[in-house]
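Visitor: Could we go through this model together? I would like to begin with one side chain and then move on to other topics.

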Amino acid sequence: MRTTTVDDALLETLWQPVCSVDEIWPDTGVCALVNHQQVAIFRVRSPGGADDAWFALGNRDPKSGANVLSRGLVGSLGDRLVVAAPIFKQHHDLASGECLEDPALRVPVYPVRVADGRVWVAA
């Protein structure tokens, strides 16, 4: 049995509903303002379409300083799912936020979940 920690309790207070699942097309991203922060939310299509993967990153591109990551192209490099930043095209790992070309340019990663047909983010 899993016990609740202080961090779990804090996380529960941060979850915010963002939109319905149907408002994010597969293999695209959208931007949402969650707890006064711009968050880029990505839906990545699963092979069968039943279990899409969801990711949430900070929307600010650390290389250009522009809030544009939600507009980047989603794809894969090797076994890593990535988003290509729209301005300088560097790739950020969707799971870790790491920039593959320059690890010093990491973006924050936020918990995301789907419940009752809605997308929720804790930021």
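Guide: The side chains of aspartate 93 and arginine 80 are joined by a polar contact of 2.7 Å. A polar contact is a pair of N or O atoms within 3.5 Å; within protein, one must be able to donate a hydrogen and the other to accept it, and residues adjacent in sequence count only if both atoms are side-chain atoms. This is a predicted model, in which local features need pLDDT of at least 70 and side-chain atom pairs count only at pLDDT 80 or more, while totals for chains, interfaces and linings use all residues. Residues are numbered from 1 along each chain as its sequence is written, and side-chain values use heavy atoms, with hydrogens and water left out.

Visitor: Which backbone nitrogen does the side chain of aspartate 93 reach?

Guide: That of serine 96, at 3.1 Å.

Visitor: And is aspartate 93 buried or exposed?

Guide: Aspartate 93 counts as buried because its relative accessibility is 7%. Buried means under 20% relative accessible area, exposed over 50%, and partly exposed in between (1.4 Å probe, protein chains only).

Visitor: Where does aspartate 93 lie, and what does it touch?

Guide: Aspartate 93 belongs to strand S7, residues 91-93. Strands (E, at least two residues) and helices (H or I, at least four) are DSSP runs, numbered from the N terminus. Not counting residues up to four places away in sequence, aspartate 93 touches Leu57, Arg80, Leu81, Val82, Glu98 and Leu100; contact means heavy atoms within 4.5 Å.

Visitor: What about histidine 92: buried or exposed?

Guide: Histidine 92, also found in strand S7, is buried, with a relative accessible area of 0%. A polar atom of its side chain lies 3.2 Å from the backbone oxygen of glycine 97. Leaving aside neighbours within four places in sequence, histidine 92 is in contact with several residues, including Pro62, Leu69, Val83, Cys99 and Val107.

Visitor: Changing topic, what is the phi of asparagine 35?

Guide: Phi of asparagine 35 is near 50 degrees, a positive value in a residue other than glycine. Asparagine 35 sits in the loop between strand S2 (28-34) and strand S3 (37-44). With a relative accessible area of 30%, asparagine 35 is partly exposed.

Visitor: And histidine 36: what is its phi, and is it buried or exposed?

Guide: Histidine 36 has a positive phi of about 70 degrees although it is not a glycine. Histidine 36 is likewise placed in the loop between S2 and S3, and at 78% relative accessibility it counts as exposed.

Visitor: Where is aspartate 79?

Guide: Aspartate 79 is in the loop between strand S5 (73-77) and strand S6 (80-84), and it counts as exposed at 75% relative accessibility. From C-alpha to C-alpha, aspartate 79 and tyrosine 110 are 21 Å apart in space, with 31 residues of separation in sequence.

Visitor: How many helices and strands are there in the chain?

Guide: The chain has one helix and 10 strands. Its radius of gyration is 14 Å, close to the 14 Å that the globule rule gives for 123 residues, so the chain is as compact as a globular protein of that length. The radius is taken over C-alpha atoms, and the rule is 2.2 Å times the number of residues to the power 0.38.

Visitor: What share of the residues is buried?

Guide: Buried residues make up 37% of the 123 residues in the chain. The C-alpha trace spans about 40 × 35 × 30 Å along its principal axes.
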